[in-house]
Amino acid sequence: MIDESLVVEFTVTGNDCPVVEATADNDVVVDENPPAHRDDDRTLLHFHAEGEVDEFVDQLDEEDEIDYLQVTEGGSVAQCRCLLHDECVLRVLTTAGFMPHEIRIVDGTERFRGSVVGRDVLRDVIQTAQQLGNVKLERVAEITAGRAADQELDTTIESSLTKQQREALVAALDQGYFDVPRGATATDVADQLGISKSSFLGRIKRAQQTVFEQLLAGAG
């Protein structure tokens with residue numbers, strides 16, 4: 001019987017993974033399924049990208065480290081599958097005992113949320129993360145009664161927004177876009193940001209969806 005299960009969150013920066021680098025160059029949010037690691041050190045990736053996906057996909061298609069890129073697009077959303085040549089950071093953590101559940105990549109930063117079984121395994125995983133150097137432990141919480149005991153909204157919302165989405169939210173708040181009645185139109189805010197009205201509305205919509213999802217997580 002398992003005595004103790006723990007929720008663990010890591011962030012990874014400075015990773016030279018082409019998918020991560022492409023999120024730093026484009027206004028997209030990537031939600032990735034736990035990857036499948038092959039014996040030849042290659043990694044099968046399956047992920048959902050939302051935002052300015054055309055430029056994002058074009059950048060991936062030019063990467064030598066990616067093979068067999070398959071993309072299904074629908075507006076600002078793309079479902080992608082590919083084969084990554086290099087061994088990924090997550091594989092090293094998984095080998096140490098980390099079990100990933102959620103993987104989100106925003107602005108060149110990866111956030112892994114998963115679980116470990118017992119304090120001994122937790123120690124091994126943390127030591128492995130420290131040896132990697134670019135992996136930071138963000139949170140550890142016990143799982144009780146089927147959910148994490150620690151439910152506070154720390155930096156999760158902030159880390160889930162892209163730089164462009166944060167800028168759009170700040171500009172909209174500063175100009176009174178959310179006031180009733182509105183203090184500024186979408187065109188006004190877009191002009192300040194130097195982008196089109198449609199780009200601003202797309203960023204605001206995705207930012208609001210992210211904020212609401214995080215605030216309402218576990219509600220009901």
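Which residues do ring pairs link into a cluster? In this predicted model, the cluster consists of Tyr 177, Phe 178 and Phe 200, linked by ring pairs.

**Overall architecture**

The protein contains 8 helices and 10 strands. Of its 220 residues, 40% are buried. The accessible surface amounts to about 11,700 Å², and carbon and sulfur atoms account for 47% of that area. Contacts between residues at least 6 apart in sequence were also examined: 65% of these join residues at least 24 apart.

**Aromatic pairs**

A pair of aromatic rings is described by the distance of the centres and the angle of the planes. The search of the whole structure finds 4 aromatic pairs. Two of them are set out below.

| Pair | Centre to centre | Angle between planes | Arrangement |
|---|---|---|---|
| Phe 47 and Phe 56 | 6.3 Å | 80° | edge-to-face |
| Tyr 177 and Phe 200 | 5.3 Å | 85° | edge-to-face |

The planes of Phe 47 and Phe 56 stand at 80°, and an angle over 60 degrees counts as edge-to-face. Both Phe 47 and Phe 56 are buried.

The rings of Tyr 177 and Phe 200 are also edge-to-face, with 85° between their planes. Tyr 177 lies in the loop between α6 (163–175) and α7 (186–193), whereas Phe 200 belongs to helix α8 (residues 197–215), so their pair ties together parts that are 23 residues apart in sequence. Both Tyr 177 and Phe 200 are buried.

Definitions and conventions. Residues are numbered from 1 along each chain as its sequence is written. This is a predicted model: local features need pLDDT of at least 70, side-chain atom pairs count only at pLDDT 80 or more; totals for chains, interfaces and linings use all residues. Side-chain values use heavy atoms; hydrogens and water are left out. Rings of Phe, Tyr and Trp (its six-membered ring) pair if their centres lie within 6.5 Å; planes under 30 degrees apart count as stacked, over 60 as edge-to-face and the rest as tilted. Buried means under 20% relative accessible area, exposed over 50%, partly exposed in between (1.4 Å probe, protein chains only). Helices (H or I, at least four residues) and strands (E, at least two) are DSSP runs, numbered from the N terminus. Contact means heavy atoms within 4.5 Å. Accessible areas come from the Shrake-Rupley method with a 1.4 Å probe; for residues, only the protein chains shown count as cover.
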